[in-house]
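Dear colleague,

Please find the structure we discussed below, handed over for your use. My notes on it follow directly after.

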Number of protein chains: 2
Amino acid sequence: VKAEIVAVGSELLDPLRRETNGAYVTGGLRSIGVDVLARTTVADDAAWLEQAFRQALSRADVVIATGGLGPTADDLTREAAARAAGRALKRDAGLLEALEARFARFGRVMAPVNAQQADLIDGATSLPNARGSAPGQYLDHEGRLLFLLPGPPGEMQPMFDGQVLPIVRERAGGRALVTRVLKIASMGESDVEQVVAPLYKTFENPRTTILGGAGQTELHLTGEGADEAEAGARVEELAAGIRGLLPGRIYSEDGRDLAEVVAALLTERQVSLALAESCTGGLVAARITAVPGSSAFFEGGYVTYSNRAKVDLLGVDPSVLERHGAVSEETARAMADGVRRATGSDLAVAITGIAGPTGATEDKPVGLVFLALAGDGVDRVRRAQFPGERDRVRAQAAQAALEMVRRALLGLSPA
Amino acid sequence: VKAEIVAVGSELLDPLRRETNGAYVTGGLRSIGVDVLARTTVADDAAWLEQAFRQALSRADVVIATGGLGPTADDLTREAAARAAGRALKRDAGLLEALEARFARFGRVMAPVNAQQADLIDGATSLPNARGSAPGQYLDHEGRLLFLLPGPPGEMQPMFDGQVLPIVRERAGGRALVTRVLKIASMGESDVEQVVAPLYKTFENPRTTILGGAGQTELHLTGEGADEAEAGARVEELAAGIRGLLPGRIYSEDGRDLAEVVAALLTERQVSLALAESCTGGLVAARITAVPGSSAFFEGGYVTYSNRAKVDLLGVDPSVLERHGAVSEETARAMADGVRRATGSDLAVAITGIAGPTGATEDKPVGLVFLALAGDGVDRVRRAQFPGERDRVRAQAAQAALEMVRRALLGLSPA
């Protein structure tokens, strides 16, 4: 079963605008085993739109259009789709009545132009829209399914999930796809690939994709089955194998990011955390405090960018800075001790490094970062050399700091 | 002159993947007065691809395809475009030699499959690719311009800017478009609209679009002219009028964000800054330190999430917290004074508020934020009520804190 998506609206072609319905619909269709082969965004132009529908109806089993169902002269989706299918548009008395009632409920009289929202393609069924005035519609045209949905994501998404997917799933023979994402913070993409490729390549189902980001590698496993339970079991079989190959490395399989996972661990174990950030400049604190409820464990953080701040706020011994430099194992450790002393937290993390573009020396290149973790019986320091420019170095350092906390809490070796 | 864009590659249809070439090419074409009427992403499927090219060549004056020019069996763009145009593919001897030389330079022998990268559509001209092995090509097909470009943005963008745009511009009659973005942090979208709409609606050229974000309103002015100078003059005429209607409100017209503008002001005036953040949890520090060179003025920051941290780290009087609560004008002021005392900075900003979802009371709803700015002869406090959920409240509060600094530095009234 092949699908094609048509997004309607000149405003979606603005280079600053991001069309999000296409990705949402693609994800939903994949979850029921339907592949999307083309996704088109078309301006509000009657001829171009009709051609888009004509092409889609000539080759796709399922065609899903979003947008262009409003009441204005620019809203051409109904008409263009009807022409492409060679069918008439008919005003539906029931829909018209419902539209008028909706306006009356808001104390307004319906303008005549709104009546076009009650037009149905000959043979189509209306799809109710609980959140807006434009109903959708669906047509079985010579064995091909055509759906017209409104453009606002808040209206489109529940209609797609609740009304479109069940119909398409039946047509697709009820196959189900399940995707699970395994997230790893302590290994790069190629290292993960080397370890797990010999295993996942023996599986045709699930399929596996590797995605690398700043301080993060993701394994996307997509399994197929007669239903969600079977597809899920396929995914679990491979996931279990990968877990065995990467002990302690996978921090999340449920969509949560690393800050959420660390926050949950700290909350659960009632361990408090404090931060001293130099090169990350507050990034770790911002990520931690983005998690609701972080006040339960977060004692406070310092952004000590200058040497003076490291001395004045954290009580770092000036002679340590002088002897070893601000970017050193010794300074990182002194920062962690200092913030722990000041806040009385159970754990303290310190990060100092060279994010660039300036500040590098011959011995200390851009991307050199020291991380220290201090606590009762905990004393870990890590030296890392991160690739990339300022933003990327900062993001990787923040991720490494969170991973350092996670590994210590779980009794895993330092990264 | 109407354009259509075709992005080739099954991987681009992954719901997690974002196709960026389309927006880049659309932006470039608009800058020379060419409208994009359709943008299609197609899987690596020979029949679907050929249909996409056939449709595009039947209606668009300019067709730009990206991707599918590599050496593998999945790279079908050349063949599909040639078929759609009814032309043969011919192996180009010069291109083949250049390809082989490229492999030799990297000390490798070229695999036979790579040779297809030397295929040109009959009548097409090769477009050199300085950063990759796949050359592009361009064809004038019955008065319609067809361009095939490689998919990696790092290869595509310089080829598009340097080789495609000049050809299209000539075809488009040399009209130029210039876009300028006026950014405002201290007024919401509808307030800005109300003030400036009566003016900008009297202009057909430039066109104006308003975009609202978290703590930010943007006015996009796009002017058209015979050349960039004329288009720019049109934009400046309207921009000058808008400046007059919004005195002191526009913080940027050159693409910089608010943190960059504030960093430049602080550096230029040699004023140092320190921060005390509660509900924003390090967001302001992270934004400030994201600007290279921020160590010149940034004295340090505190993330004091808990009452205890406010007392222990910032020296806030516990009785102030008790009497007025952590989210109050008095606490904000005490936090700003405390951080200034600790760091010796010229200016200090403090932010305390309720980001949600928990922590609200009857008097103090989610979104209530107090901001304080302290300095020699500077004592400003602002109470704000921001709409939205946790992330949005935090983003708006961070933006408001930066705007508070900007306005004080420029001698403008508090927001």
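**Aromatic pairs**

Over all chains of this predicted model, the count of aromatic pairs comes to 7. Two of them are described here.

One of these pairs is formed by A:Tyr305 and B:Phe298, whose ring centres lie 6.0 Å apart. Their planes stand at 70°, and an angle over 60 degrees counts as edge-to-face, so this pair is edge-to-face. The pair crosses between chains. On one side, A:Tyr305 sits in the loop between strand S14 (298-303) and helix H10 (307-314) of chain A; on the other, B:Phe298 belongs to strand S14 (residues 298-303) of chain B. Both A:Tyr305 and B:Phe298 are buried.

Another pair is made by B:Tyr24 and B:Phe160, with ring centres 6.2 Å apart and planes at 70°, so it is edge-to-face. This pair links distant parts of the chain, as its two residues are 136 residues apart. B:Tyr24 lies in helix H1 (residues 21-31) of chain B, and B:Phe160 in helix H5 (residues 153-171) of chain B. B:Tyr24 counts as partly exposed because its relative accessibility is 28%, whereas B:Phe160, at 0%, counts as buried.

**Backbone features**

Most residues other than glycine have a negative phi, and most peptide bonds are trans.

A cis peptide bond joins A:Gly356 to A:Pro357, with omega about 0°. A:Pro357 is in the loop between strand S15 (347-353) and strand S16 (368-375) of chain A. In chain B, the peptide bond from B:Gly356 to B:Pro357 is also cis, and its omega is near 0°. B:Pro357 is found in the loop between strand S15 (347-353) and strand S16 (368-375) of chain B.

Which phi does A:Glu142 have, positive or negative? A:Glu142 is not a glycine, yet its phi is positive, at about 50°. This residue is placed in the loop between strand S7 (136-141) and strand S8 (144-149) of chain A. With a relative accessible area of 69%, A:Glu142 is exposed.

B:Gln270 likewise has a positive phi of about 50° without being a glycine. Its place is in the loop between helix H8 (258-269) and strand S13 (273-277) of chain B. B:Gln270 is exposed, its relative accessible area being 69%.

With kind regards

Note on methods: Residues are numbered from 1 along each chain as its sequence is written. Chains are lettered from A and ligands numbered from 1 in the order in which they are written. This is a predicted model: local features need pLDDT of at least 70, side-chain atom pairs count only at pLDDT 80 or more; totals for chains, interfaces and linings use all residues. Side-chain values use heavy atoms; hydrogens and water are left out. Rings of Phe, Tyr and Trp (its six-membered ring) pair if their centres lie within 6.5 Å; planes under 30 degrees apart count as stacked, over 60 as edge-to-face and the rest as tilted. Helices (H or I, at least four residues) and strands (E, at least two) are DSSP runs, numbered from the N terminus. Buried means under 20% relative accessible area, exposed over 50%, partly exposed in between (1.4 Å probe, protein chains only).
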